[in-house]
Amino acid sequence: GLFWKSWLLRSPDGFYRTGFSYSPENIPTAPANQKPAKNVEHTTMDTALVREVMRHLLEAGRVLNCDRDLWPVWQDLHDRVLPYPVNAEGQLKEWPEPWAETPGHRHFSHLYPLFPGDEFTAERTPALFEAARRAVLLREAHRTDFTNWSCPYAACFDARLGDGNAAERDLALLSRNSVDNLLAFHNDWGWGYRLFQIEANLGVTAAIAEMLLQSHAGVIRLLPALPGRWPSGSFSGLKARGAFVVDAEWRAGRLVSARIRSLRGLPCRVRCGIPWDGLWPHHGAKPLADVTHEDGCICLPTQAGAVYEWKPRS
């Protein structure tokens with residue numbers, strides 16, 4: 001927080017900007033009367049990082065009741081950092097300046113608040129969520145500069161967008177083009193050798209987990225991005241934020257059972273991406289009575305060590 005406080009400069013328009021910034025390997029194309037820009041005054045990822053850090057500092061300060069004198073500073077930086085830029089086509093941009101971007105580039109730094117960040121959600125920030133979706137579609141429509149790790153990264157974006165079929169296509173593209181013996185290798189671009197690419201391999205597992213279970217923004221999302229080619233299946237032991245362990249089974253595109261074990265006894269909010277009509281949280285043999293509904297979620301109190309199962313209500 002103190003780093004950002006010293007690094008950010010307040011511009012005449014009242015917003016905080018970074019002095020110099022760089023969006024990894026994707027150099028913006030300046031107008032014809034200017035030189036191509038490498039270092040720019042601010043990038044979209046700067047806004048995302050500042051807002052995330054300040055939000056975490058404020059949340060931690062309130063929980064721990066510390067650094068109260070800095071709360072107004074963190075709030076000011078959070079609220080007054082340069083807003084997210086969206087172009088006339090409704091796409092989230094990588095830079096605030098009106099420069100042309102490389103539509104199919106493999107780097108996605110401006111999409112950080114969609115994934116791995118959690119600021120953009122359909123419920124809390126619908127306009128920015130839609131702008132991020134359009135930015136993802138732009139990159140995926142071209143894919144001219146994608147490399148292996150870009151495929152599972154794009155799958156993670158599609159999973160956060162709730163598009164399981166697109167996420168599955170991203171992983172299938174990696175499998176067709178780059179996988180030898182279940183290991184992904186960097187494209188041979190005339191080097192004469194291929195490099196094992198760990199971010200592609202580990203990215204696949206991250207993407208599959210995001211397709212099956214999400215837990216950002218205070219909500220456990222069961223099967224949020226299930227592709228049509230996975231009509232039936234199950235998973236067990238996936239860890240969710242809030243200290244929960246989750247199992248689930250689905251058949252013919254419908255959830256048939258789920259179990260959530262609470263490790264810390266925190267409140268639990270659950271949403272499901274596929275039909276789960278008739279299922280209700282049970283503790284033991286009895287359905288829970290103190291369950292509420294909020295914004296399409298089932299909300300239940302939990303006890304540390306207790307297991308809650310979704311079963312028919314009667």
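This briefing describes the sheet, nonpolar cores, surface patch and salt bridges of one structure. The model is predicted: local features need pLDDT of at least 70, side-chain atom pairs count only at pLDDT 80 or more, and totals for chains, interfaces and linings use all residues. Residues are numbered from 1 along each chain as its sequence is written, and side-chain values use heavy atoms, with hydrogens and water left out. Helices (H or I, at least four residues) and strands (E, at least two) are DSSP runs, numbered from the N terminus.

**Sheet**

- An open sheet of 5 strands has mixed pairing and the order β5-β6-β10-β14-β13; two strands are taken to pair if DSSP finds at least two bridges between them.
- Its edge strands, each pairing on one side only, are β5 (213-214) and β13 (292-294).
- Strand β13 runs antiparallel to β14 (residues 297-300), and 3 bridges join the two.
- Within this pair, His293 stands opposite Ile298 in β14.

**Nonpolar cores**

- A nonpolar core is a set of buried Ala, Val, Leu, Ile, Met, Phe, Trp, Tyr and Cys residues joined through side-chain atoms within 4.5 Å; buried means under 20% relative accessible area, exposed over 50%, and partly exposed in between (1.4 Å probe, protein chains only).
- The largest nonpolar core has 32 residues, of which Leu92, Leu111, Leu114 and Phe157 touch the most other members.
- At least two residues of this core are supplied by each of α4 (126-142), α5 (150-160), α6 (164-178) and α7 (198-212).
- Helix α5 gives the largest share of this core, 6 residues.
- Phe157 is in contact (heavy atoms within 4.5 Å) with Phe108, Leu111, Leu114, Phe115 and Val136, not counting residues up to four places away in sequence.
- A second, separate core of 29 residues has Ile220, Leu226, Cys272 and Leu288 among its members.

**Helix α5**

- Because 10 of its 11 residues are buried, α5 is largely enclosed by the rest of the structure.
- The buried residues of α5 include Cys151, Pro152, Cys156, Phe157, Asp158 and Arg160.
- Gly162 follows α5 and has a positive phi, near 80°.

**Leu279 and its surroundings**

- Leu279 is found in strand β11 (residues 279-283) and is buried, with a relative accessible area of 11%.
- Not counting residues up to four places away in sequence, Leu279 touches Leu255, Val256, Ser257, Trp310, Lys311 and Pro312.
- The C-alpha atoms of Leu279 and Arg313 are separated by 5.9 Å, although these residues are 34 residues apart along the chain.

**Nonpolar surface patch**

- Leu183, Phe196, Ile198 and Leu202 make a nonpolar surface patch of about 380 Å².
- Patches are made of residues with over 30% relative accessible area and no salt bridge, like charges being joined within 9 Å and nonpolar side chains (Val, Leu, Ile, Met, Phe, Trp, Tyr) within 5 Å.
- Accessible areas come from the Shrake-Rupley method with a 1.4 Å probe, and for residues only the protein chains shown count as cover.
- Leu183 is found in strand β4 (residues 183-184) and counts as partly exposed at 37% relative accessibility.

**Salt bridges**

- The structure holds 18 salt bridges, each being a side-chain nitrogen of Lys or Arg within 4 Å of a carboxyl oxygen of Asp or Glu.
- Arg139 forms a salt bridge with Glu94, the closest N and O atoms being 2.8 Å apart.
- This pair links distant parts of the chain, 45 residues apart, with Arg139 in helix α4 and Glu94 in the loop between α3 (71-80) and α4; both Arg139 and Glu94 are buried.
- Arg143 and Asp170 meet through their side chains in a salt bridge (2.5 Å, N to O).
- Because Arg143 lies in the loop between α4 and α5 and Asp170 in helix α6, the pair ties together parts that are 27 residues apart in sequence.
- Arg143 is partly exposed, with a relative accessible area of 25%, whereas Asp170 counts as buried at 0% relative accessibility.
- Arg229 and Glu168 meet through their side chains in a salt bridge (3.4 Å, N to O).
- Arg229 lies in the loop between β6 (220-222) and β7 (233-240) and Glu168 in helix α6, so this pair ties together parts that are 61 residues apart in sequence.
- At 65% relative accessibility Arg229 counts as exposed, whereas Glu168, at 13%, counts as buried.
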